[in-house]
Amino acid sequence: MLPGVGAALGVRVERDGLPADPLGLTAALSGARRVAVLLVDGLGADLIRAHADLAPTLAAMSGPAGDLSAPCPSTTPVSLATLGTGMPPGAHGILGFVTAVPGEERTLNHVQWGDDPDPAAWQARPTVFEQAAADGVEVTAVGPYLYKGSGLTRAVYRGAHYPGSVGPGDLSAQMGHALTAAPRALVYGYLAELDLTGHVRGVDSDAWRAQLALIDRIVEQVVDTLPADAALLITADQGMLDIPASTRVDLDSEPALDEGVRLLAGEPRARYVHAVDGAADDVLAAWSTVLGDRAWVTSRDEAIASGVFGRVDDALAARIGDVVALARGTWAFTATEREPGPSRLIGYHGSITATETAIPLLLARGAALS
């Protein structure tokens, strides 16, 4: 999506041979000299449709290209890197919420990432923000101040000025100011609260519904302050679903799933399993037998060959587990001893079901573009 925005602003976006504007946004954004992109974490397309009464502003917006599909795994770091670079996970290398660091006996949690590994080396692809800035576009990324300078921020928003926001109202105001600060501008905003509420309280909760109504009000504020020659696109990184206790497998209570395992990575609906040398086939057999039809369990090579990560650079393949387990239905594979916090959540995402992968692309135009 973001490469299409760049193309609409006259930027020649390099995507390693992939189409510069695969969604046809140049036509949808015709005449816009300033474009804002607001990503609402956890705002699945199915969730908007199911709660249109709580989000009238979102429900009334047009969709220039229909639903989009989140990358795999359908999780925030992966999706933000795909949005920021315009490349699939197999090319940018942020291939999960938690992945192994090849050659080292450790994992990297991408939302708790600082300087190690070096963000510029771990995600080496140029971002769309960098390419737009080099072309003279004023580029701003507005997100929580907490994330300013984090490894993920530097990896996926590289090239954008990141002032940091202290709350949703501040984000709305900063996006409005950035849109009017230059005659040619790309402004990105990120709202985290809906996803956090869904994880902790569940998407079928009063708390989540109240948060959606607040998000809709923020969107309304951004729309109301659009300059006449500006456009606003709303999207998300993934959807979410609630996981009942009856469809959870506790990996720490299944000894057969620990035999031959060197590192457990990923998250409850998208597991990467790294085996000790020589044990990959046995680990694959054990996970396939125990999980059965509750997951798509496959080898790294087969997962890569399926195209689920896009084309995977050879140098990045080891970040994917020897065994990949993507949950079906409402199953989740928690680890209550090793991962007590994540195992207590209610809402999850990460796999490839339609509820998790269908994300919106909604458009509002300034007065001169309507």
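Me: Contact means heavy atoms within 4.5 Å, and helices (H or I, at least four residues) and strands (E, at least two) are DSSP runs numbered from the N terminus. With that in hand, what covers the buried residues of α13?

Reply: This is a predicted model, in which local features need pLDDT of at least 70 and side-chain atom pairs count only at pLDDT 80 or more, while totals for chains, interfaces and linings use all residues. Residues are numbered from 1 along each chain as its sequence is written, and side-chain values use heavy atoms, with hydrogens and water left out. The cover over the buried residues of α13 includes the strands β9 (248–250), β10 (261–267), β11 (270–275), β12 (295–299), β13 (323–327) and β14 (332–334).

Me: Which residues of α13 are buried, and which are exposed?

Reply: An α-helix has 3.6 residues a turn, so residues three or four places apart point the same way. In α13, the buried residues (under 20% relative accessible area, where exposed is over 50% and partly exposed lies in between, with a 1.4 Å probe and protein chains only) are V283, L284, A286, W287 and L291. These cover an arc of only 165° around the axis, which puts them on the same side of α13; the arc is that of the directions from the helix axis to the C-beta atoms. On the other side of α13, D281, D282 and T289 are exposed.

Me: How do α11 and α12 pack?

Reply: Axes are lines fitted to C-alpha atoms, for helices over the stretch in contact, and angles run from 0 to 180 degrees between N-to-C directions. Helix α11 (residues 193–201) packs against α12 (residues 206–224) at about 175°, with the two axes 9 Å apart. That makes α11 roughly antiparallel to α12, a label given to angles over 145 degrees. From α11, E193, L194, T197, G198 and R201 meet A207, W208, Q211, L212 and I215 of α12.

Definitions and conventions. Parallel < 35°, antiparallel > 145°, perpendicular 65-115°, else oblique.
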